[in-house]
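The structure is shown below.

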Amino acid sequence: MKRLFLGLQAEAPWPAEFPPGRILGEACRHMTLVFLGNVEAEPLIRALPEFPKPHFLLGLLGYTDKLLFLPPQHPHVVAYRINLMEHLSTLVKFQETLSVWLKSLGYSLSDDRPFLPHVTIARNPVSQAQWELPHLPVVFNKIHLYESTGNLNYTSLWNHSFLPPFEEKEHTADVAFCVRGTTVQELCVNAQGALAFLFPPIHAFFPKDAVNSLEEIVMQLNVGIAKADEEQGCSFKAVSFHGAIQHTNDLLEWEMIVDV
Amino acid sequence: MYNLKKIKPATYELPQEAGMLVPGLIIATEAIIAEGDFEKPLDQVRRVAYLPGIVGYSIAMPDIHWGYGFPIGGVAATDAETGVISPGGVGYDINCGVRLALLDRPFKSFTTKEKDTLLQSIFKHVPSGVGQGFKNTKKLSDSDYKELIAKGALWSIEQGYGLEVDLDFMESRGFIEGGELHAVSQEARSRGSNQLGSIGSGNHFVEIGEVETLFLPEMAKAWGVSQGQTYILIHSGSRGFGHQVCQDNLNDFLKQGYAKDLPDKQLVAAPIHSPAGRHYFSAMAAAANYAFNNRQRILHGVRMSFREVFQTSPEEIRLLYDVCHNIAKFENHLVDGHLRRLCVHRKGATRAFGVGAQELNPLFQQTGQPVLVPGDMGRASHLMVGKGNALTWCSSCHGAGRAKSRMQSMKSWNNKDPIRYMQEQGVAVKANSPRTIAEEMPDAYKNVDTVVDAVQEAGLAAKVARLKPALVIKG
């Protein structure tokens, strides 16, 4: 018997330090999709080649938006709720698909609470009052079948990767990202996420207007950078108009160069 | 290699291809070309050659590296009547530049404790790092901006930040004519309102050390430079003010369709005499004057720190020179034997006027102008003298040039202590951000000694002195 669950690995510009408590290691931070509990692993492992792959190609970008102490009745877990924006409905559907598939394999899933997207950060906090919510971008680029091995350790038994919505690239003088999206609007949202990975507070400064071209994306990003720089300083100064949107398969890609 | 043809010592021609209006000119030695990755920067040199009205060559200095639009370390001159002006040819940090000041006391005479106190004091007087400015001082008003733009560095001197004699030792006396506040957006004014006198982040710094080696003792003597002397090197620009000016004008140029026939939108350029071109120049000049004032106030902060620690008077810290390395300037140059007015874009390149140049002060007219070449915070910086090289429109390199990306530097110093490493090399470093230190470590840069050797071999400037850093404040 193994204690298993399916979850999305969470990557973020995590704070260097947290208040006292049992802190989860960075590599173990995740968003649980389906919790199986103590079960026989073999049937699932045998069935993994038929895993119902999600239809989305790119990893998911979200933002922490609320500090949670769970469960509400006897809180001993500190977690960040994740605002998945337009990805939430997609993920809920995928979670339902997973549940149906797991039930078809003979697993009984007892947890019927509504899906609450969150990432656990710590257990047994010394004091709830010491905790604050950092507003962070979080990306989920891999689904794992995790085994909980105790003492806040999770071992990946299998994984399925997505193309990251953005990846930092080598650039001699400045900072560069390969940004991806299925639409121009999503390209803009993911570019915002890339910049928020460098400097999380910037997310609050981006305008919410729709964009239809690369020029509009760059201009919108620069409006956010200018506001952030004016109000609290920003570690980069501008996004350049370098490059063009490339169409590859079903995706749009853009090399974003950020002036530091 | 790279289809380059050697035409002179350390000087290569990049042949003109379809779309290029002029050939490229690369200043480099064989060793620099062999060691570096020049593919992308040379592509940018080719693209700059598409600019309407470009004259002579699209030029790259030996510290060239990949930028966006123009390469960093790029020079391009356009005809002042029929050519274009390109905000991307100046860069975001308008009038980013360097100033060198000297104190006639041997650096070695300072105790470790005094040096540490000095570093702390400068850190207190000169804000550095992301968004750091003066939190409790009055923000710049529009009337302040008007004065700053109308007077250049003189404005800060009138406010008590420095000495009037400082002006004689600045490129263009610390003032670019033609700036207009109405050409500057409210966003730019807001971004710059509390940042005057601050270093900023990235590769900007204040560096203190000793004059280690003299290469031209007579020249050094004429400039009051001596071996063992204490030097102060300041590298900063126009902060958020200049960045916003650049951004605003790039946006406007693009909206007006000026990128239509260019291979890279970041090269967008408008005719100099078009309303857009004139508007940009007015705003750029305003930002350039902001930068002169910024460096003037940083030097003032450094002078205050020296006074606190060593009781030196401000006059004892003598400004040798202040140079711009991100700027477009109108200059007269000989083209095919005829004097022609050009708009010289220097993006990551320094003006290097030689003997007799009219704009220089009487001392530098006799010697050529000082050319300041910061290296990295471990190895060295250099002081050179301009030779007035006609092929490059009297330009020279501006630094060592990066060898590694910021990402590579971060990775290579992950889980190590770069501050301790620098201490072991005899350099005390202080910064607001540990990431900045990791990104700016000496191994992230080319060896500045090889860069200045190339410049000297090509006849752009000659080495006067090598400067060895010991105290460094980074953003």
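**Helix pair in chain A**

In this predicted model, the axes of helix H3 (residues 184-198) of chain A and helix H4 (residues 214-232) of chain A cross at roughly 35° and come within 10 Å. The crossing of H3(A) past H4(A) is right-handed.

- H3(A) contributes Leu187(A), Cys188(A), Ala191(A), Gln192(A) and Leu195(A) to the contact.
- From H4(A), the contact residues are Ile217(A), Gln220(A) and Leu221(A).
- Sorted by class, the contact of H3(A) with H4(A) holds six nonpolar residues, two polar residues and no charged ones.

**Overall build of chain B**

- Chain B has 14 helices and 19 strands.
- The radius of gyration of chain B is 21 Å, close to the 23 Å given by the globule rule for 475 residues, so chain B is as compact as a globular protein of that length.
- The C-alpha trace of chain B spans about 60 × 50 × 50 Å along its principal axes.
- Buried residues make up 60% of the 475 residues of chain B.
- Among contacts in chain B with a separation of 6 or more, 78% join residues 24 or more positions apart.

**Helix H4 of chain B**

- In helix H4 (residues 142-151) of chain B, the buried residues are Tyr145(B), Glu147(B), Leu148(B) and Ile149(B).

Note on methods. Residues are numbered from 1 along each chain as its sequence is written. Chains are lettered from A and ligands numbered from 1 in the order in which they are written. This is a predicted model: local features need pLDDT of at least 70, side-chain atom pairs count only at pLDDT 80 or more; totals for chains, interfaces and linings use all residues. Axes are lines fitted to C-alpha atoms, for helices over the stretch in contact, and angles run from 0 to 180 degrees between N-to-C directions. Helices (H or I, at least four residues) and strands (E, at least two) are DSSP runs, numbered from the N terminus. A crossing is left-handed if the near helix is turned anticlockwise from the far one by less than a right angle, and right-handed if clockwise. Two residues are in contact if their C-beta atoms, placed from the backbone, lie within 7 Å. Ala, Val, Leu, Ile, Met, Phe, Trp, Tyr, Cys and Pro count as nonpolar, Asp, Glu, Lys and Arg as charged, and the others, Gly among them, as polar. A residue is buried if 20 or more other C-beta atoms lie within 10 Å of its own, exposed if 12 or fewer, and partly exposed in between; C-beta atoms are placed from the backbone. The radius of gyration is taken over C-alpha atoms; the globule rule is 2.2 Å times the number of residues to the power 0.38.
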